[in-house]
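Subject: Structure handover

Hello,

Here is the structure I said I would pass on. My notes on it follow below.

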Number of protein chains: 4
Amino acid sequence: MNVLITGFKPFGGMRVNPTQQLIEAIEHEDLPPHVRIHTALLPVHYDECVQRVIAQIEQVGPDVVISCGLAAGRTAITPERIGINIKDTAPGEAIPDNRGVKPVDEPINPYGPDGLFSTLPNRRIVNKLREHGIPAYISNTAGTYICNNTLYGTLDYIRRKQLPIRAGFIHFPASTEMSVDKPLMASLPLDTMLTALRLIVETVAEDVNA
Amino acid sequence: MNVLITGFKPFGGMRVNPTQQLIEAIEHEDLPPHVRIHTALLPVHYDECVQRVIAQIEQVGPDVVISCGLAAGRTAITPERIGINIKDTAPGEAIPDNRGVKPVDEPINPYGPDGLFSTLPNRRIVNKLREHGIPAYISNTAGTYICNNTLYGTLDYIRRKQLPIRAGFIHFPASTEMSVDKPLMASLPLDTMLTALRLIVETVAEDVNA
Amino acid sequence: MNVLITGFKPFGGMRVNPTQQLIEAIEHEDLPPHVRIHTALLPVHYDECVQRVIAQIEQVGPDVVISCGLAAGRTAITPERIGINIKDTAPGEAIPDNRGVKPVDEPINPYGPDGLFSTLPNRRIVNKLREHGIPAYISNTAGTYICNNTLYGTLDYIRRKQLPIRAGFIHFPASTEMSVDKPLMASLPLDTMLTALRLIVETVAEDVNA
Amino acid sequence: MNVLITGFKPFGGMRVNPTQQLIEAIEHEDLPPHVRIHTALLPVHYDECVQRVIAQIEQVGPDVVISCGLAAGRTAITPERIGINIKDTAPGEAIPDNRGVKPVDEPINPYGPDGLFSTLPNRRIVNKLREHGIPAYISNTAGTYICNNTLYGTLDYIRRKQLPIRAGFIHFPASTEMSVDKPLMASLPLDTMLTALRLIVETVAEDVNA
């Protein structure tokens, strides 16, 4: 089973992005023997983030795509339920992407459906993480920024091509390392988040096999 | 122009629901002469909330449906961008409806699309409210509870019947009256929210005419 | 009865400070006939804020000093319980004053007590505001910035001089006008806050008379 | 050097209190050779919490008292700056103690000073924790509940008896284990908090020696 896991570069003035650290570390974890991990670091750019995922899908032919992003301020690991067909960085609501692009209420795909559900086993993931003492809940919004763009764009590509690929998005909180400089920001340690990512891969592997 | 405006009864142990007060008051506001307001108070029940909206649509034949709900804790008036095809009151994430029903990850319509965008002019509404000194932003999640059920169910009915009706959902914060007993809960005064609802009706009326 | 009411100029990049607007407006309110209001606009400077209060005390000989400040993010009117003998703008915890001064863990008065309680009737104020539908609670920290400096410095001056003056500090949330540009910031309308300030003066006047 | 470390039993309907777990675990940590740890589990009762600390002080003759408490919702380790002379569980602001006692605006010691500063090296503690990657900041309020009662009561006893003992209070966030059932509550893992407590003991030991 081929599993493509993606993360992001730092953005918004932060020095690190824990999802970059997670995809660098996940390959050294003890994973189920039939699982082969492929990783990709995505640019924090509207549209280009999806182009990179699509290029990776075409190259490695994954059975599953797990995209990972940072949701600074969240307290738990949060699989996203839905990607929505919008790019929006309206004033006061978000920051431009790493090229300075700030769309307002633009569709990602003018011919696409309004929303597309993640096809990862989100409820099983949440239950598994909780059994292992890691806080988790299903999030109902991935925002309207790069993370949502990646989720929607990936699901829409799979839909249009009718590919037998399951895909979804997991938001991670700030790492405890990051909250040292911003101590009012909730966090989880990177090693807890790495355990979570390993458990997510295991859950997905069981689910796809079953 | 017929405009159907809906609100909710109290729930979750609260004594009042400002959206009930708003629909009782909006008829006495100074509205554009060609606008005729109809109101309906919805039950805080999965499924039944939509049945009541549909019955009202069939009875009054509205051009526009504006559903209103309480989002306790929010700081601003928030038009919702999307309704999603899910009912979910997973443990720790929400409260049962007023009959005690607690679905987990159930579809509202097993054959419906994953998400449906509001067809109200949300961006124009937000801009209009801000011009009048009222804080507002577009929300990207109406949750997975009765409010989302109302939004999705209404949009899905209009879609299935191919009706020429615009519809959407506006979340209002707690009223200042409510926050007297819970002073850490953000609020806006009921009269500010009534002004907001009047401005929303005006914006919708301009938009549909244009 | 002479009542000195103080407010602040804008700081931290904000364009307005509602407490400046409140002290400009309070004189035009309908107050008890035996109450004479004096107002002062304080600089957002450590130490100088207190010097200005002291100069005003010496000039107008007040029976009561009510200092007012902005606590952006709070949801209610909050009389402060205590001023503490510290100036602190440690990294990540606060912003410099309007001259760029950033003390860390410095005493306001090296010979003063650690803390001094407000001598305003805080509990009666909170009850009165709630009776009038305005959310309020007693706050247990005025921070370690200019507001706390004003509260502690005023109480410490009155203590050292053994003056028959009651004094305290009221924090106000952002005005609704301010939250238009930052719609995730809780607010109350300026007119609600002006009513609150009038009720506070009334409560203080009753209390001092009794 | 004798160091007395105190923690609390569960309260407010929670099943565990991480400070109970911390004081059970700290003795097995690798501490400076000249440090001898004594621990005490305090009741969640106004007044009795202090009586227990005083009994322990008289029994073990500590050089330092480090009291530990849970601040559910906080994101970092927070040494408290000050204890204040008040017990308050006003409606909507706090919960009764474990005997159901709910004082409103009562002094802890009717003859005591309004506030008493912690005599732990709080700034050095915060800097040490941050150097080791653990988020921390100095808190300016321990509330008006049992934790504040313990801090104020301990400092006031030491003051009245003129004892050569340094004392203070450290608030810890919820443990990650606790946030599994309340995933919107910020947390740190118990082992991170145990490392923090060990570093705090080390810092205090260096400071008292110096």
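Chain A and chain C share no contact (heavy atoms within 4.5 Å), although their closest C-alpha atoms lie 6 Å apart. Chain B and chain D do not touch either, with nearest C-alpha atoms 6 Å apart.

This is a predicted model, in which local features need pLDDT of at least 70 and side-chain atom pairs count only at pLDDT 80 or more, while totals for chains, interfaces and linings use all residues. Residues are numbered from 1 along each chain as its sequence is written, chains are lettered from A and ligands numbered from 1 in the order in which they are written, and side-chain values use heavy atoms, with hydrogens and water left out.

Chain A and chain B

Chain A and chain B do meet, with 22 residues from chain A and 22 residues from chain B in the contact. Together they bury about 1800 Å², of which 49% is on carbon and sulfur atoms; buried area is the accessible area (1.4 Å probe) that two parts lose on being put together, summed over both. On the chain A side, A:D114, A:F117 and A:R123 lose the most area to chain B, together 29% of what that side buries.

This interface has 8 salt bridges, a salt bridge being a side-chain nitrogen of Lys or Arg within 4 Å of a carboxyl oxygen of Asp or Glu. In one salt bridge, the side chains of B:D88 and A:R123 meet at 2.9 Å, N to O. Strand 5 (82–84), strand 6 (115–117) and helix 3 (122–131) of chain A each give two or more residues to the side that touches chain B. Strand 6 of chain A has the largest share, 3 residues. Helices (H or I, at least four residues) and strands (E, at least two) are DSSP runs, numbered from the N terminus.

Chain D and chain A

Here 20 residues of chain D are in contact with 19 residues of chain A. The two chains bury about 1400 Å² between them, 67% of it on carbon and sulfur atoms. In chain D, the residues that lose the most area to chain A are D:T75, D:V180 and D:P183, together 35% of what that side buries. The count of salt bridges between chain D and chain A is 0.

A:P183 sits in the loop between helix 5 (176–179) and strand 9 (187–188) of chain A. Its relative accessible area is 4%, so A:P183 is buried (under 20%, with exposed over 50% and partly exposed in between; 1.4 Å probe, protein chains only). Leaving aside neighbours within four places in sequence, A:P183 is in contact with D:T75, D:A76, D:R130, D:P135, D:A136 and D:Y137.

Inside chains D and B

D:H171 is in strand 7 (residues 166–172) of chain D and is buried, with a relative accessible area of 4%.

Chain B has an open sheet of 5 strands in the order 2-1-3-7-4, with mixed pairing; two strands pair if DSSP finds at least two bridges between them. The edge strands are strand 2 (36–42) and strand 4 (78–79) of chain B, each pairing on one side only. Strand 4 of chain B is joined by 2 bridges to strand 7 (residues 166–172) of chain B, and the two run antiparallel. B:T78 stands opposite B:H171 in strand 7 of chain B.

Regards
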